Structure formats: C-alpha cells, structure tokens
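Work through these exercises with the structure open beside you. Try each task before you read its solution.

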2 protein chains.
Amino acid sequence: MPDALTAAKTAADAGDVPVGAVIISPEGAVLAIAGNRVQRDHDPTAHAEILAIREATRKQGNQRLDGCDLWVTLEPCAMCAGAIAHARIRRLYIGALDDKSGGVFHGAKVFDHKQCHHRPDIYDGLMADASADMLKQFFASRR
Amino acid sequence: MPDALTAAKTAADAGDVPVGAVIISPEGAVLAIAGNRVQRDHDPTAHAEILAIREATRKQGNQRLDGCDLWVTLEPCAMCAGAIAHARIRRLYIGALDDKSGGVFHGAKVFDHKQCHHRPDIYDGLMADASADMLKQFFASRR
C-alpha cells in the first residue's frame with residue numbers, strides 16, 4: 001500500500017485525483033504500479049486500477065491475472081470493480097471506502113451479482129486514513 | 001448499428017467474442033468504431049465500448065463525450081456501463097440484452113445508483129436478433 005499511496009501522490013501533483021494501485025504476482029513481484037491519469041490522458045477509463053491491470057496483463061501476456069493481488073488506495077468504482085473481476089484478481093486490498101462513487105461496498109456492488117463471474121477476497125481499511133487525507137487535501141486545494 | 005455489427009463480425013473472425021461499438025459525435029460524425037479485442041490484446045479491459053470510448057476521447061482531447069451517442073451490439077457489462085457513465089455518453093443504443101453478464105438491465109444495474117454520476121438515455125433491442133445470432137454462432141462454433 002505505501003507504493004500505491006506514492007502513485008496517488010504523484011497523480012495529485014499532476015492534477016489528477018489521488019488514487020494509486022499496485023498489482024503483485026503470485027510470487028510476490030510487483031507487476032504494475034499506476035496512478036490515476038484521467039485528466040492528463042483525457043481518458044475517462046484511465047483510473048489507477050485499469051492502468052495497473054492493463055500493464056500487468058501486457059507483461060504476463062495473459063488477460064487473466066490468476067493468483068495476483070491488487071492494492072488500491074480507494075474503493076474501486078463500478079467500472080474498476082468490473083475490470084478486477086474480468087482480470088480474475090485473487091485478493092483486493094482497499095484503502096479508504098468511497099460512499100460517493102464506490103462500486104464494491106456501495107451502489108452497484110459489482111461483485112454481489114451472479115452476472116459477475118469472479119469475486120476476489122476483499123480486505124478494506126488498509127492505510128485508509130493516509131488515503132482519505134490525501135483526497136481531502138486534494139479537493140480542498142482546488143476549491 | 002450496422003457498423004457496430006460489422007466490428008463484432010471482425011472480432012469473431014479473429015477469435016474474439018463478437019461485440020462491436022460505435023460512437024457518434026453531436027454533429028453525427030463517426031468518432032470511433034471498435035470490436036472486442038480481449039483475446040487478441042490479452043487485455044481484460046479491451047471490450048468494444050472501452051476501446052471506442054478511449055479512441056473517441058483521444059480524438060476529442062477531452063475525457064467527457066458530452067452529446068455523443070454510443071451504439072453497442074450487446075448490453076454492456078458493469079465495467080463498460082461504468083465507463084459510459086464516466087464518459088458522459090448522451091444516448092446508449094443497445095442491441096441484444098445479456099442476462100448472463102449484463103450490468104445495465106441486469107446484475108449491478110450500474111446506472112441505477114446514486115454512486116453513478118451520469119445516466120445516459122437508453123434504447124435497447126436495436127437489431128438485437130442479428131447481434132444475438134452472431135454470438136450464438138460464435139459460441140456454437142467453439143464447442
């Protein structure tokens with residue numbers, strides 16, 4: 001999670017909402033570290049989780065990341081939760097929860113329906129304060 | 001929708017599940033045509049809708065496609081519905097419905113929660129038989 005927070009900080013410094021994600025292989029190697037790039041890339045799909053999944057699957061040459069774990073500083077939205085299911089992520093470690101836009105514990109609850117074909121093991125609240133503080137600071141500085 | 005079906009056919013010919021998508025600008029210009037490329041690109045996020053949104057936003061230099069319409073041959077999954085909301089697509093035209101993996105009318109029903117910040121106007125059943133037949137034929141040929 002510290003690497004994910006560093007990626008979030010880098011995103012914030014570049015004007016993007018501070019969210020970061022890291023993917024770890026079954027052997028414990030870092031496959032991808034990504035920060036949110038929506039503003040920089042003019043790409044609404046460039047959330048940290050999507051970028052990390054795309055990088056990790058490219059490296060593995062396989063669209064499924066069986067046995068890989070994803071760490072992300074903020075509860076994934078519905079789009080990212082869907083991508084996490086498609087990628088067959090084994091364990092999902094979440095920092096802060098997101099009652100405004102989250103799609104795991106809130107709203108769409110993407111993993112809770114039979115139309116979702118894979119549900120990772122989910123752990124939340126990991127360094128949640130550091131993640132939430134960074135987001136609060138980011139939005140306060142832009143008001 | 002004919003262009004989306006052609007993109008779906010091209011996907012099937014290359015071994016990818018036949019789904020195609022087209023994005024039309026407010027002026028009626030084709031901004032993007034894409035077929036599913038998950039298998040070819042080893043990318044679990046490479047659904048037709050995501051690829052079309054990424055191409056259209058890249059062309060427009062804007063992560064929001066205000067006033068743009070998206071045509072897709074199959075009901076979007078939760079991931080793609082989330083991306084469609086993020087991209088602020090105005091009208092969503094759907095071919096066949098998808099009770100197994102859909103995230104618009106089924107399962108996550110992504111647009112139906114307050115955590116989703118934009119809901120397009122949705123029209124379904126457009127050339128649905130042609131789309132469903134292509135999918136059936138694709139899966140039958142692989143059994």
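**Exercise 1. Classify H47(B): is this residue buried or exposed, and where does it sit?**

Solution. Keep in mind that the model is predicted. Start with the number: the relative accessible area of H47(B) is 17%. The cut-off for buried is under 20%. So H47(B) is buried. Next, find its place: H47(B) belongs to the loop between helix 2 (38–41) and helix 3 of chain B. Last, list its contacts, leaving aside neighbours within four places in sequence. H47(B) touches N36(B), V38(B), C77(B), M79(B) and C80(B), and also H86(A).

**Exercise 2. Describe the sheet of chain A: in what order do its strands lie, and which strands are at the edges?**

Solution. Trace the order: 5 strands make an open sheet, arranged 2-1-3-4-5, with mixed pairing. Now look for strands that pair on one side only: these are strand 2 (30–35) and strand 5 (121–123) of chain A, the edge strands. On average, neighbouring strands are turned by 15 degrees against each other, direction ignored.

Zoom in on one pair. Strand 1 (residues 20–24) and strand 2 of chain A are antiparallel partners, joined over 5 bridges. Within this pair, I23(A) faces A32(A). As background, strands of a sheet pair through backbone hydrogen bonds.

**Exercise 3. Compare R88(A) and K109(A): what is the phi of each, and how accessible is each?**

Solution. Recall the general rule: most residues other than glycine have a negative phi. Phi of R88(A) is near 60 degrees, a positive value. Phi of K109(A) is near 40 degrees, also positive. Now locate them. R88(A) is in the loop between helix 4 and strand 4 of chain A. K109(A) is in the loop between strand 4 and strand 5 of chain A. Finish with accessibility: R88(A), at 18%, counts as buried, while K109(A), at 36%, counts as partly exposed.

**Exercise 4. Relate the two chains: what rotation superposes chain B on chain A?**

Solution. The rotation is 180 degrees, with 0.0 Å of shift along the axis and an RMSD of 0.0 Å. That is the relation of a two-fold axis. In chain B, the C-alpha nearest this axis is that of M79(B), at 1.9 Å. Then compare the interfaces. 100% of the interface residues of chain B are also interface residues in chain A, so the copies meet through the same surface.

Key:
Residues numbered from 1 in each chain as written. Chains lettered and ligands numbered in written order. Predicted model: local features only at pLDDT ≥ 70, side-chain atom pairs only at ≥ 80, totals over all residues. Heavy atoms only, no water. Pairing = 2+ DSSP bridges. Helix = DSSP H or I, 4+ residues; strand = E, 2+ residues; numbered from the N terminus. Axes fitted to C-alpha atoms, helices over the stretch in contact; angles between N-to-C directions. Buried < 20%, exposed > 50% of the residue type's maximum accessible area, 1.4 Å probe, protein only. Contact = heavy atoms within 4.5 Å. Least-squares fit on C-alpha atoms with pLDDT ≥ 70 in both.
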